[in-house]
Amino acid sequence: MSLGQHPAVRWLYLLSGVLMVGLGVIGALLPVMPTTIFLILALACFSKSSPRLEQRLLDHPRFGPGLRRWREQRIVPVRAKCFAALGMGGGFVALLLARPPHWVPWLVATIELSVLLYLLSRPSKP
């Protein structure tokens with residue numbers, strides 16, 4: 001039995017996908033959290049755990065076309081890149097205003113810059 005077919009791993013992917021969809025919903029309601037990245041992660045989790053939920057996500061009227069473009073061509077639209085960058089920047093400013101320990105902003109900045117560089121390296125058009 002391969003690791004991906006083990007029931008515990010399948011449930012872990014399923015729960016992770018549900019968590020990512022939940023974070024995506026929160027991101028859709030709050031302007032400082034990016035939605036697209038959470039839905040891409042949910043799609044990846046559902047592809048390993050539940051083809052039915054994966055298809056429902058791909059058939060979504062608003063997010064489905066973007067997720068299909070991501071899956072087929074790894075395309076991230078310019079608008080999604082801008083919203084992701086603004087959301088990460090706003091979240092980082094909120095983090096700085098919270099006065100965390102000195103090492104936390106460095107860690108978060110490193111993670112956010114790596115995500116931002118990855119997003120900017122993705123094509124915006126086919």
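Select Pro-101 first: you'll find this proline in the loop between H5 and H6. (Helices here are DSSP runs of H or I with at least four residues, strands are runs of E with at least two, and both are numbered from the N terminus.) Pro-101 counts as partly exposed because its relative accessibility is 45%; buried means under 20% relative accessible area, exposed over 50%, and partly exposed in between, using a 1.4 Å probe and protein chains only.

A quick word on what you're looking at. This is a predicted model, where local features need pLDDT of at least 70 and side-chain atom pairs count only at pLDDT 80 or more, while totals for chains, interfaces and linings use all residues. Residues are numbered from 1 along each chain as its sequence is written, and side-chain values use heavy atoms, with hydrogens and water left out.

Next, select residues 78-97 (H5) and 103-121 (H6), which pack at an angle of about 175 degrees with their axes 11 Å apart. Axes are lines fitted to C-alpha atoms, for helices over the stretch in contact, and angles run from 0 to 180 degrees between N-to-C directions. H5 and H6 are therefore roughly antiparallel, the label for angles over 145 degrees. Show side chains where they touch (contact means heavy atoms within 4.5 Å): H5 brings residues including Met-88 and Phe-92, and H6 brings Val-108 and Leu-116, among others. That contact between H5 and H6 has 14 nonpolar residues, no polar ones and two charged. For these classes, Ala, Val, Leu, Ile, Met, Phe, Trp, Tyr, Cys and Pro are nonpolar, Asp, Glu, Lys and Arg are charged, and the others, Gly among them, are polar.

Then jump to H2 (residues 36-49) and H3 (residues 51-58), whose axes lie 7 Å apart at an angle of about 150 degrees. That angle makes H2 roughly antiparallel to H3.

Finally, zoom out. The protein chain has six helices and zero strands, and its C-alpha trace spans about 45 × 35 × 25 Å along its principal axes. Of its 126 residues, 26% count as buried.

Note on methods: Angles under 35 degrees count as roughly parallel, over 145 as roughly antiparallel, 65 to 115 as roughly perpendicular and the rest as oblique.
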